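Biologist: Please show me the model, and then let me ask where some of the words used for it come from.

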Amino acid sequence: MFIPLNYTVRSLFVRKAATFLSVFGIGVTVAIFAGVLALQQGFTTMFTSQGREDVIVFLRPGATGETDSQFQRERGMKLMKSLPEIEQTPEHGPLASMESYSGVLRRRPDGGEVNVAFRGVQQATFTIRGDELRIIEGRNFTPGADEIIVGKKLVERIQDCHVGDVMVINTTPFRVVGVFDHDGPFVSEIWADLERALAVLDAYGPNRVIAKVKPGTLIGDVNAEGGPDPASLAGRLANDTEAPAKVLTERAFLESQTQMLGGILLGLGMALAVIMGVGAAFTAINTMLSAIASRTNEIGILLATGFRPLPIFVAFMLETLLLCVMGGLVGCVLVLPINGIETGTMNGQTFTEVAFAFRVTPVVVGAAIFFSVLLGMIGGLWPALRACRMTPTAALRRT
Amino acid sequence: MLKLAWRNLIAHPIRSILTSASVCIAILLLCLLRSIVTTLDAGIEAASATRLIVMSSISLFVDMPVSYQQRIEQVDGVDVIGKWQWFGGYYQNPRNFFAQFAVDPEHLFDMYPECQLDEEAKQRFLSTRNGCIIGRKLADDPNFAWKVGDKIPLVGALFPHPDGGAWEFEVCGVYTSSAANFDERTMMFQWKFFEETLRTSGQDPGVGVFVFRCEPGANVERIMGEVTAMFENGPMSVRCAPESEFQRMFISMMGDIPMLLGWIGTAVFVALLLGCVNTMLMAGREQVRDIGIYKALGFDDVTAFRVLVTQSLLLCVIGGAAGIGLTLALKPGIAAAIAAMFPVFIVADETLIFAAVLIVLLGLAAGIVPAWRASRMKPIEALRAEH
């Protein structure tokens with residue numbers, strides 16, 4: 001026969017101060033773990049959730065990202081014009097666009113400096129993006145003019161990013177004419193016309209080409225073992241003699257750009273969880289040992305009335321689990337207010353700043369609860385074993 | 001007094017050990033988090049006051065023409081100048097990341113005395129066209145295990161080799177660094193080889209940064225102003241700043257991460273404080289009768305207060321000292337683990353002093369509530385208390 005759950009729950013409430021302190025201590029530990037995880041989630045979902053499968057990215061062979069990719073203009077044109085897989089529209093021709101990418105050093109309002117992504121685009125980019133990209137203030141830039149539009153997240157984070165402000169890049173003053181919103185990483189970028197961007201950067205060609213492909217196109221996976229399928233677009237272009245290129249879907253490309261920072265954040269979260277988890281488990285053990293010590297008599301009575309050691313073990317295990325899960329819930333509550341808080345750091349892969357928000361996703365909450373259950377299991381084992389191994393006479397005799 | 005406190009702690013060995021151990025872990029974590037911030041700032045402090053950096057005003061993404069070198073040299077007061085270009089290649093797999101630069105070798109040794117290399121290796125480097133020198137940590141990396149004489153093929157992700165293959169560099173020496181801002185995980189090779197190779201396909205490499213030194217006694221402010229003004233109207237406008245400002249820019253790019261680490265440290269401290277208070281409350285509750293006895297024997301309130309505070313202090317000091325010890329013991333291991341990103345891992349004396357102060361404060365804070373409670377108790381009530 002098992003000990004009623006009521007006993008477990010009430011026991012926790014008898015020792016209010018100790019329970020409160022333990023729950024809160026474990027809660028803070030869980031909150032730290034969940035907070036770092038929320039940071040990692042915010043960062044990776046910003047990149048991966050927006051990557052489209054029907055948009056492909058062409059990079060120079062061997063390039064790891066936009067920063068180390070570069071095309072000569074003619075090669076870029078050839079890619080755009082010659083591939084039958086690229087979707088065509090009567091009014092725009094092929095749905096493909098050349099884009100340049102660079103970092104521009106800008107000041108934060110507090111005076112610190114950061115590299116902000118500066119992208120030069122052709123008009124086709126806007127056609128490909130469609131409703132994904134929305135101008136929320138002002139207007140789009142006029143092709144050929146020294147005008148820029150800025151991502152929404154830059155407005156408060158970077159100086160001179162309000163509509164009407166002027167930003168000098170190299171020697172050219174650019175006027176901010178609009179603010180745009182996008183759910184992906186573009187929202188921390190500055191966009192200008194490709195021709196003007198190449199001119200101020202003193203660059204000879206774009207960094208990448210993007211295109212919308214026809215449905216059903218076999219794109220191929222450049223990261224596949226032994227290279228991409230030779231029949232696929234990626235396989236064909238990898239070995240093309242005239243205009244070789246590395247081809248990825250936009251989703252795969254964006255994912256490849258998050259590995260470094262995403263990995264660091266995940267590693268930090270795990271390291272903190274392990275180190276602090278040990279401390280939190282100690283707190284749980286301490287609390288439970290003290291609880292058992294002060295309830296030796298009760299345990300003696302339970303044993304004397306015929307409860308087997310197993311139910312007693314289960315009861316104390318449950319008590320620890322409850323203690324830790326309450327801690328886990330407190331941790332989740334503590335971490336909730338950071339949901340949506342904007343933060344930013346340098347993405348090690350692109351050397352430019354990305355702004356993103358903490359995201360307390362179901363994954364984060366799930367991981368936090370799992371973590372607290374794990375703490376309970378580890379923390380409860382020893383005290384529960386100790387309780388169930390007592391002999392009734394010895395337990396009753398102790399005062 | 002100390003003996004009494006100690007005995008009380010030993011009476012509950014498991015609880016005392018666990019509490020001390022969690023203090024130890026928390027202090028370790030706190031020291032490590034602070035050390036990361038210290039490490040980030042180390043570059044600024046170690047920056048040379050005599051070296052000045054010229055870069056494109058746009059950002060480090062953008063190069064300057066090679067011809068700028070002669071024009072900067074002509075500015076009155078400029079002594080030695082050298083070129084640096086980020087090569088951005090990789091060995092076999094993009095994951096094998098380490099920094100490579102094309103440099104002017106003579107100027108490197110002249111301007112960077114912290115780059116230490118024996119004379120023979122220097123000569124070999126200067127006389128080998130595709131020669132390179134690599135840092136001690138890079139040479140010792142088990143993924144590479146390069147030694148003098150080895151050939152290193154690198155894929156030029158940023159600068160593809162004109163013949164389509166890999167660039168090949170010959171290791172001429174392994175340098176060590178005597179300063180925090182000079183990385184031992186870097187490879188440097190000859191600018192001339194870099195430029196001549198690219199020229200074969202008609203490419204004209206640009207320069208990432210120029211590093212120069214002023215003549216002794218020269219007016220640095222004036223020189224910086226003149227260099228900036230010289231290229232104000234293009235084709236590529238520049239910024240000229242002391243090395244320390246250049247380093248500060250890199251830290252600034254880390255954004256909110258150092259601040260977040262600070263927050264985590266604070267939260268760790270709070271969690272720790274709660275754990276300690278909990279333990280001391282338990283100890284206080286159990287010792288109520290003992291305290292009744294002291295009081296009945298004629299000891300005053302202050303003594304009762306002290307017994308508990310001393311216990312709390314002892315717990316924290318033992319755990320904290322172990323935490324500091326562990327930090328120092330783990331330092332080499334951590335330094336190796338983060339070597340790819342940070343050249344050094346510095347545990348500053350300030351961090352250790354800060355930790356020590358924190359430990360004492362923690363001990364006092366955790367002990368005060370139970371101690372105050374105990375000292376206020378009437379002896380008769382205390383004696384009557386059930387265990």
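Predicted model: local features only at pLDDT ≥ 70, side-chain atom pairs only at ≥ 80, totals over all residues.

Biologist: Why are α12(B) and α13(B) called roughly antiparallel?

Modeller: Helices are DSSP runs of H or I with at least four residues, numbered from the N terminus. The axes of α12 (residues 301–337) and α13 (residues 349–376) of chain B cross at roughly 150 degrees and come within 7 Å. Axes are lines fitted to C-alpha atoms over the stretch in contact, with angles from 0 to 180 degrees between N-to-C directions. Angles over 145 degrees count as roughly antiparallel, so α12(B) and α13(B) are given that name.

Biologist: Which classes of residue make up the contact of α12(B) with α13(B)?

Modeller: That contact has 20 nonpolar, six polar and one charged. Ala, Val, Leu, Ile, Met, Phe, Trp, Tyr, Cys and Pro count as nonpolar, Asp, Glu, Lys and Arg as charged, and the others, Gly among them, as polar.

Biologist: What makes residues of chain A and chain B count as in contact, and how many do?

Modeller: Their C-beta atoms, placed from the backbone, must lie within 7 Å. By that rule 46 residues of chain A are in contact with 45 residues of chain B. The largest share of chain A's side, 12 residues, comes from α9(A). By class, that side has 21 nonpolar, 21 polar and four charged residues.

Note on methods:
Residues numbered from 1 in each chain as written. Chains lettered and ligands numbered in written order. Helix = DSSP H or I, 4+ residues; strand = E, 2+ residues; numbered from the N terminus. Parallel < 35°, antiparallel > 145°, perpendicular 65-115°, else oblique. Contact = placed C-beta atoms within 7 Å.
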